[in-house]
Amino acid sequence: MTILQQSQIQTTTDREALKQVLVWFDQFQEPSVPHDVWLQCQLALIEGLTNVIRHAHQGLSEETPIQIEVTLSPQVVDIRIWDQGPGFDLDTVLQGKLATTTPDSEGGRGLRIMHRVADTLDYQPTSDQRNCLHIQKRY
């Protein structure tokens, strides 16, 4: 697989970190990626990071690191977000969210949005006691 761009950023568990991450993500907006795909990936990144801050790292110090990696290759945007929370079964929670939330629901739409945007959506524990949310979008 040819990699056009790849970058990592580490941030803290702070809602203000989202601004910094979005500025960093801007580097992936290039002509080879259709603008609507880039916006969808940006939305998925926002939802993924927000879920880590609100849910996975709930009760943890604001200094708890969150690592994000984006890889851009011809026809694929690949986003990985690592958290240090307790983890959960994505398929089970997602099925519940799909059954109980609507586009107009006030909360609980993040997983639903990521599921709609992504061609691949996965969440797995890693060998270093973290969890990795993997969002992949083909274009």
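Q: What makes Tyr123 part of a strand pairing, and which residue of S5 stands opposite Tyr123?
A: Tyr123 stands opposite Leu133 in S5, and S4 and S5 pair in the antiparallel sense over six bridges. The strands themselves, like the helices, are DSSP runs numbered from the N terminus (helices are H or I with at least four residues, strands are E with at least two). The model is a predicted one, in which local features need pLDDT of at least 70 and side-chain atom pairs count only at pLDDT 80 or more, whereas totals for chains, interfaces and linings use all residues. Residues are numbered from 1 along each chain as its sequence is written, and side-chain values use heavy atoms, with hydrogens and water left out.

Q: What lies between S4 and S5 in the hairpin?
A: Five residues separate the two strands, and in this turn Gln129 has a positive phi of about 65°, although Gln129 is not a glycine.

Q: Why is Gln129 called exposed?
A: Exposed means over 50% relative accessible area, buried under 20% and partly exposed in between (1.4 Å probe, protein chains only). At 68% relative accessibility, Gln129 therefore counts as exposed. Gln75, in the loop between S2 and S3, has a positive phi of about 80° and is not a glycine either; with a relative accessible area of 53%, Gln75 is exposed.

Q: How many residues of S5 are buried?
A: Seven of its eight residues are buried, so that S5 is mostly covered by the under-20% rule. S5 also pairs with S3 in the antiparallel sense over eight bridges, where Val76 has Arg138 of S5 as its bridge partner and Asp83 stands opposite Asn131 of S5.

Q: What makes S1 and S4 the edges of the sheet?
A: Five strands form an open sheet in the order S1-S2-S3-S5-S4, with antiparallel pairing. Strand S1 (5–12) and S4 each have a single partner strand, so one side of each is left without a neighbour in the sheet. Neighbouring strands of this sheet are turned by 15° against each other on average, direction ignored.

Q: Why are H3 and H4 called roughly perpendicular?
A: Angles run from 0 to 180 degrees between N-to-C directions, and axes are lines fitted to C-alpha atoms, for helices over the stretch in contact. H3 and H4 pack at an angle of about 100°, with their axes 9 Å apart. Angles of 65 to 115 degrees count as roughly perpendicular, under 35 as roughly parallel, over 145 as roughly antiparallel and the rest as oblique, and H3 and H4 are therefore roughly perpendicular to each other. The contact (heavy atoms within 4.5 Å) is made by Leu90, Val93, Leu94, Lys97 and Leu98 of H3 and by Leu111, Arg112 and His115 of H4.

Q: What makes the pair of Trp24 and Phe28 edge-to-face?
A: Rings of Phe, Tyr and Trp (its six-membered ring) pair if their centres lie within 6.5 Å, and planes under 30 degrees apart count as stacked, over 60 as edge-to-face and the rest as tilted. By this rule the count comes to four aromatic pairs. The rings of Trp24 and Phe28 have their centres 5.6 Å apart and their planes at 75°, so the pair is edge-to-face. Trp24 and Phe28 are both buried, and together with Phe25 and Trp38 they form one aromatic cluster. Phe25 touches Trp38, Cys41, Gln42, Leu45, Val70 and Ile79, not counting residues up to four places away in sequence.

Q: Which residues have the most contacts inside the largest nonpolar core?
A: A nonpolar core is a set of buried Ala, Val, Leu, Ile, Met, Phe, Trp, Tyr and Cys residues joined through side-chain atoms within 4.5 Å. The largest such core has 33 residues, and those with the most contacts inside it are Trp24, Phe25, Ile68, Ile79, Ile81 and Ile135. The largest share of this core, nine residues, comes from H2.

Methods. Two strands pair if DSSP finds at least two bridges between them.
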